[in-house]
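Open the structure in your viewer and keep the selection panel at hand. The tour goes from the ligand to its surroundings and then to a helix.

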Amino acid sequence: MAFARGKVILLGEHAVVYDRPALAAALEQGVRSRAEASGGENELVIPPWGVRWRESAPTHEPTFRAWQALLDLYADHPWGPRRRPLRIELDVGLPGGGGLGCSAAMGVATLAAIDEVLGIARSTHERAERSLVWERVFHGQPSGVDSAMAAAGGIAIFQRGREMRPLSTPEPVRLVIAHSGVSSSTHAMVQRVAQLRELSPERANAIFDEIAALVDAGRRALEAGDLAMLAASMNRNHELLYDLQVSTPELDHLCEVARAQGALGAKLTGAGGGGCMIALVADAYHESRVVEALRAQGRETFAAGIATQPGESRR
Ligand code: MEV
């Protein structure tokens, strides 16, 4: 049995695609994957989604293609799934299209489950890197932040091509997460930002640079336990994501609702265009006020458990 975490981006989405750093935190929620010898052929089962796919009956579904891309990684392995088929079952504890790294967690957990059956040990870095074949089916050119967080857990600074930098914080990070009710397409949103960058490269790069500065300020604030400072960076980051045209009126509204109930800061998280917003709260009192107010808007809302310690993706 393997486990990989979902994530929230506290600061830095989209800019991270253009080699700026991002500050991300792993969630306690994630995806479990179990791999076992199959009697006949390779099978992928995702019970709550009603998925029971066999390799001999291909579909165009991205998850099917991602699974096949992952199996191809083991093509030359003498006991790999191409020679000894596996039945893989996923237990998905994250909303898909929510900006919480669900697809990356599915990829990392599936890779880890296959490795487990084959007795292959890998570093979390290697696991995240190899599983990118799964993410690429969904997102084309992922920065890798989702897969890195899914594999490693913790709170960290991620920057493409560099070692991930785990952070520790003296203050617990309390987040409320609310889903806007609209599914987010990372691929479409990354494309949108790419178009904007093509039209106005200077403006886009200036936004990315300001986001990078916010990531740096947020990192220092987090390490010093200065949640108000972290929240100020989050609020400004949301404005910059609005300027990049990846926010929606609903995400803006949910951020306002959270702030009005005493959240220290709020922003969309992940690709935007739908998906989730996150609100940073100081204590349990404000947490429950913010949760209630967001639920009163009819939005699926939960207080997030942040997995503060970096750790293995397997539990
Ligand atoms: C998605 O969680 C974050 C984005 O920056 C895309 C990526 O980093 O690959 C929007």
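**Stops on the tour**

Select Ser143 and the ligand: a polar side-chain atom of Ser143 is 2.5 Å from a ligand oxygen atom. Such a polar contact is a pair of N or O atoms within 3.5 Å; within protein, one must be able to donate a hydrogen and the other to accept it, and residues adjacent in sequence count only if both atoms are side-chain atoms. The protein covers 97% of the 300 Å² of accessible area that the ligand has on its own (Shrake-Rupley method, 1.4 Å probe; for residues, only the protein chains shown count as cover).

This is a predicted model, in which local features need pLDDT of at least 70 and side-chain atom pairs pLDDT 80 or more, while totals for chains, interfaces and linings use all residues. Residues are numbered from 1 along each chain as its sequence is written, and side-chain values use heavy atoms, leaving out hydrogens and water.

Next, select Lys7, where a polar side-chain atom lies 3.2 Å from an oxygen atom of the ligand. At His14, pick the backbone: a polar atom there is 2.9 Å from a ligand oxygen atom.

Now show the residues surrounding the ligand, including Ile9, Val17, Pro142 and Asp146 (a heavy atom within 4 Å). Colour β1 (2–11) and α5 (145–152); each supplies at least two residues of this shell (DSSP runs, numbered from the N terminus: helices H or I, at least four residues; strands E, at least two).

Finally, go to Arg136 in helix α4 (residues 132–139).
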